[in-house]
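The following questions and answers examine one structure. Please consult the sequence and the coordinates alongside each answer.

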Amino acid sequence: MTAQQSLTYDTFVALATADPAVVGLVLKGSRAHDGMASEHSDHDLYVVLADGAATDLRRLTALRTARLDLVIVSLAEFRAAGMPGSERYALARARVLLDRLDGGIAEILAAKARLGVDEAFRAADGWLDAYANSLYRSVKNDRDGEPLAARLDATDSVGHLLELLFALDRRPRPYNKYLRWELARHPLPGWDGAALLRDVDRISASGDVAVQRRLFGRVEAAARREGHGAVLDAWGEDLRLMRPR
């Protein structure tokens with residue numbers, strides 16, 4: 001085992017904290033979500049360096065062991081991380097371990113946790129249309145005697161639905177692993193998280209058309225309240241197949 005492979009989390013944090021080039025340490029992943037870490041969880045760390053800073057820590061860039069996963073970036077790169085991208089949720093719920101910018105690292109994370117007004121509106125428009133498309137295909141396939149296709153389309157629709165609901169609240173969608181955690185600690189306004197999870201589970205497992213239609217009825221009302229009626233109206237008469245009976 002090399003010295004890098006044997007490097008522990010505590011040892012690295014002490015090493016990085018002592019390095020003046022490091023302006024921020026940010027913990028993400030399971031260990032940043034209370035109650036989610038297991039015996040298999042490593043420590044996922046962003047190491048934020050002052051722009052242009054020289055440091056020996058760069059030799060550890062992309063170090064990944066069973067217990068430690070490092071991402072070493074400049075401050076400018078950290079600002080851009082996940083904007084857009086799959087890292088956005090991870091950083092939105094990350095935990096600040098070191099902030100030498102007088103709260104600047106925390107402010108960067110807070111900005112990642114909230115979608116801009118225009119950004120959220122555009123995203124919700126797109127996800128609403130994608131959700132309606134998959135839902136429509138699922139219900140139509142069920143009607144036409146294609147149960148496998150109906151279930152597959154129903155499963156697709158769930159991902160689009162979750163993206164939509166979080167965009168309506170100007171938040172990045174959580175990874176599936178953290179969905180239950182997120183809804184319990186940061187509920188979506190107007191939604192019962194436990195009930196939503198039950199519906200999502202039922203739809204993913206069976207493609208239950210009645211549940212899909214009932215859920216769409218709530219989504220349609222919420223989307224129209226937030227100004228997305230034009231997306232729905234573009235579906236014309238096809239909406240009748242998607243709405244509750």
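Q: Which residue just after H5 takes a positive phi, and of about how many degrees?
A: Helices (H or I, at least four residues) and strands (E, at least two) are DSSP runs, numbered from the N terminus. Just after H5, the residue with a positive phi is Gly145, and the angle is about 75 degrees.

Q: On what kind of model do these values rest, and how are residues numbered?
A: Residues are numbered from 1 along each chain as its sequence is written, and side-chain values use heavy atoms, with hydrogens and water left out. Local features need pLDDT of at least 70, side-chain atom pairs count only at pLDDT 80 or more, and totals for chains, interfaces and linings use all residues, since this is a predicted model.

Q: What span does H5 reach from its first C-alpha to its last?
A: H5 has 27 residues.

Q: Against which helices do the buried residues of H5 pack?
A: Buried means under 20% relative accessible area, exposed over 50%, and partly exposed in between (1.4 Å probe, protein chains only). The buried residues of H5 include Ala120, Leu128, Tyr136, Ser138 and Asn141. Their packing partners are H6, H9, helix H10 (229-233) and H11.

Q: Is Ser138 buried or exposed, and which residues does Ser138 touch?
A: Ser138 lies in helix H5 (residues 117-143) and counts as buried because its relative accessibility is 0%. Contact means heavy atoms within 4.5 Å. Not counting residues up to four places away in sequence, Ser138 touches Ala150, Asp153, Ala154 and Gln212.

Q: In what order do the four strands form the sheet, and which strands stand at the edges?
A: Two strands pair if DSSP finds at least two bridges between them. The sheet is open, its pairing is mixed, and its order is E3-E2-E1-E4. Each edge strand has a single partner strand, so one side of each is left without a neighbour in the sheet; these are strand E3 (68-74) and strand E4 (95-99).

Q: How many bridges join E1 to E2?
A: Strand E1 (residues 22-28) and strand E2 (residues 43-49) run antiparallel. Within this pairing, Val22 stands opposite Leu49 in E2. The number of bridges joining E1 to E2 is six.

Q: At about what angle does helix H4 run to E4?
A: Axes are lines fitted to C-alpha atoms, for helices over the stretch in contact, and angles run from 0 to 180 degrees between N-to-C directions. Helix H4 (residues 104-113) lies across E1, E2 and E4. Its angle to E4 is about 150 degrees.

Q: How many salt bridges does a search of the whole structure find, and how far apart are the closest N and O atoms of Arg173 and Glu163?
A: A salt bridge is a side-chain nitrogen of Lys or Arg within 4 Å of a carboxyl oxygen of Asp or Glu. The search of the whole structure finds 15 salt bridges. In the bridge between Arg173 and Glu163, the closest N and O atoms are apart by 3.8 Å.

Q: Which residue forms a salt bridge with Glu220?
A: The closest N and O atoms of this bridge are 2.7 Å apart.

Q: Why does the pair of Tyr89 and Tyr175 tie together parts that are 86 residues apart in sequence?
A: Rings of Phe, Tyr and Trp (its six-membered ring) pair if their centres lie within 6.5 Å; planes under 30 degrees apart count as stacked, over 60 as edge-to-face and the rest as tilted. A search of the whole structure finds six aromatic pairs. Tyr89 and Tyr175 form one that is edge-to-face, 5.5 Å centre to centre with 65 degrees between the planes. The pair ties these parts together because Tyr89 lies in helix H3 (residues 87-92) and Tyr175 in the loop between H6 and H7.

Q: Which residue forms a tilted aromatic pair with Tyr136?
A: The ring centres are 5.6 Å apart and the planes make 55 degrees. Tyr136 counts as buried because its relative accessibility is 15%. Its partner, in the loop between H10 and H11, is Trp235.

Conventions
The expected span of a helix is 1.5 Å times one less than its number of residues.
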